[in-house]
Amino acid sequence: TDKVARTIARRFKLKLGDLKSETRRQEVVRARSLAMYLSRQLTGTSYDKIGKYFGGRDHTTVLHACRKTESLIENDSELRVAADEVSDQLKATG
């Protein structure tokens, strides 16, 4: 989860702290949701643990972010490209 979050933060030019913060700025929410989604997809970490990592969020918040991101990826090519690039990058570095 940490590796995913750091990679997402770099990709979106944000600080790791931004992803864990309370902010609801759209660009941060999008990046945070994608980080949660990829953490779940690539590591299989529980929703609960992902939520704790991202600022103590509830597991239902993580579940919602994952479902929403999954549907957005289908229709948003920019988000899909970001998800694919981060995913490939993480798989390459192990």
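Predicted model: local features only at pLDDT ≥ 70, side-chain atom pairs only at ≥ 80, totals over all residues.
Biologist: What share of the residues counts as buried?
Modeller: A residue is counted as buried when its relative accessible area is under 20%. Applied to the 94 residues of the chain, this cut-off gives a buried share of 39%.

Biologist: Which pattern does the chain follow along the sequence?
Modeller: The chain has 6 helices, while the number of strands is 0. Read along the sequence, these elements give the pattern α-α-α-α-α-α.

Biologist: What is the radius of gyration of the chain, and why does it agree with a compact globule?
Modeller: Along its principal axes, the C-alpha trace spans about 30 × 30 × 25 Å. For 94 residues, a compact globule would have a radius of gyration near 12 Å, so the chain agrees with that expectation, its own value being 12 Å.

Biologist: Which residues form the aromatic pair, and is that pair stacked or edge-to-face?
Modeller: The structure holds 1 aromatic pair. Its partners are Y53 and F54, with 5.0 Å from centre to centre and 80 degrees between the planes. Since planes over 60 degrees apart count as edge-to-face, the pair of Y53 and F54 is edge-to-face.

Biologist: Are Y53 and F54 buried or exposed?
Modeller: Residues over 50% relative accessible area would count as exposed, and those under 20% as buried. By these cut-offs, both Y53 and F54 are buried.

Technical notes: Residues numbered from 1 in each chain as written. Heavy atoms only, no water. Helix = DSSP H or I, 4+ residues; strand = E, 2+ residues; numbered from the N terminus. Rg over C-alpha atoms; globule rule 2.2 N^0.38 Å. Buried < 20%, exposed > 50% of the residue type's maximum accessible area, 1.4 Å probe, protein only. Phe/Tyr/Trp six-rings, centres within 6.5 Å; stacked < 30°, edge-to-face > 60°.
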